[in-house]
Amino acid sequence: MKEFITMTVYYFAIASEKFLLQEEPIEEILRERMNYYKNHCKEIDFWLVKNPGFLHLPEMSKIKNRLNTTTASIISTNPLFINWLKLRIGFVITGHFIDSQTKFL
């Protein structure tokens, strides 16, 4: 049995929950993106997450301190989508984190 470690890079756009879910048309933006993916036979590679757990990672302490409120985040494996969101929405913090999973084969 061999051990393999797979690494996935997740990119995010994060802001206060109030800003992202109430002040911005995020529902419409994500619905349009889902339709685009469906029309192009692509798998959904993004998620809307309230109070994401990655904020508790030690390397996220500066971001966590800057927000200091209830948060919401769009997380994706597609960095271009997150960059597009930053340009589209504006007042979000972007970044990335790596998730590693050990698999035994």
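This is a predicted model: local features need pLDDT of at least 70, side-chain atom pairs count only at pLDDT 80 or more; totals for chains, interfaces and linings use all residues.
The largest nonpolar core has 16 residues. Those with the most contacts inside this core are Leu20, Ile26, Ile74, Phe81, Leu85, Ile89 and Val92. Several elements contribute to the core. At least two of its residues come from each of strand S1 (3-16), helix H1 (17-23), helix H2 (26-39), strand S3 (71-76) and helix H4 (79-89).

Phenylalanine 81 is one of the residues with the most contacts inside the largest core. Beyond residues up to four places away in sequence, Phe81 touches Leu30, Arg33, Phe46, Ile74 and Ser76. Of these partners, Ile74 is also listed with Phe81 for the most contacts inside the core.

Isoleucine 5 belongs to strand S1. Its relative accessible area is 53%. The cut-off for exposed is over 50%, so isoleucine 5 counts as exposed.

Isoleucine 98 can also be placed relative to leucine 57. The two residues are 41 residues apart in sequence. In space, their C-alpha atoms are 10 Å apart. Leucine 57 sits in the loop between S2 and H3. This leucine is partly exposed, at a relative accessible area of 30%.

Most residues other than glycine have a negative phi. Cysteine 41 has a positive phi, near 55°. This cysteine lies in the loop between H2 and strand S2 (46-50). Cysteine 41 is exposed, with 75% relative accessibility. Asparagine 68 also has a positive phi, of about 45°, and is not a glycine. Its loop runs between helix H3 (61-67) and S3. Asparagine 68 is exposed, with 68% relative accessibility.

A search of the whole structure gives 2 salt bridges. In one, the side chains of glutamate 17 and lysine 50 meet at 3.7 Å, N to O. Glutamate 17 is in helix H1 and lysine 50 is in strand S2, so this pair ties together parts that are 33 residues apart in sequence. Glutamate 17 is partly exposed, at 21% relative accessibility. The cut-off for buried is under 20%, so glutamate 17 does not count as buried. Lysine 50 is exposed, at 53% relative accessibility.

In the other salt bridge, arginine 31 pairs with glutamate 27. Their closest N and O atoms are 3.5 Å apart. Both residues lie in helix H2. They are 4 residues apart, so about one helical turn separates them. Arginine 31 is partly exposed, at 43% relative accessibility. Glutamate 27 is exposed, with a relative accessible area of 58%.

Definitions and conventions:
Residues are numbered from 1 along each chain as its sequence is written. Side-chain values use heavy atoms; hydrogens and water are left out. A nonpolar core is a set of buried Ala, Val, Leu, Ile, Met, Phe, Trp, Tyr and Cys residues joined through side-chain atoms within 4.5 Å. Buried means under 20% relative accessible area, exposed over 50%, partly exposed in between (1.4 Å probe, protein chains only). Contact means heavy atoms within 4.5 Å. A salt bridge is a side-chain nitrogen of Lys or Arg within 4 Å of a carboxyl oxygen of Asp or Glu.
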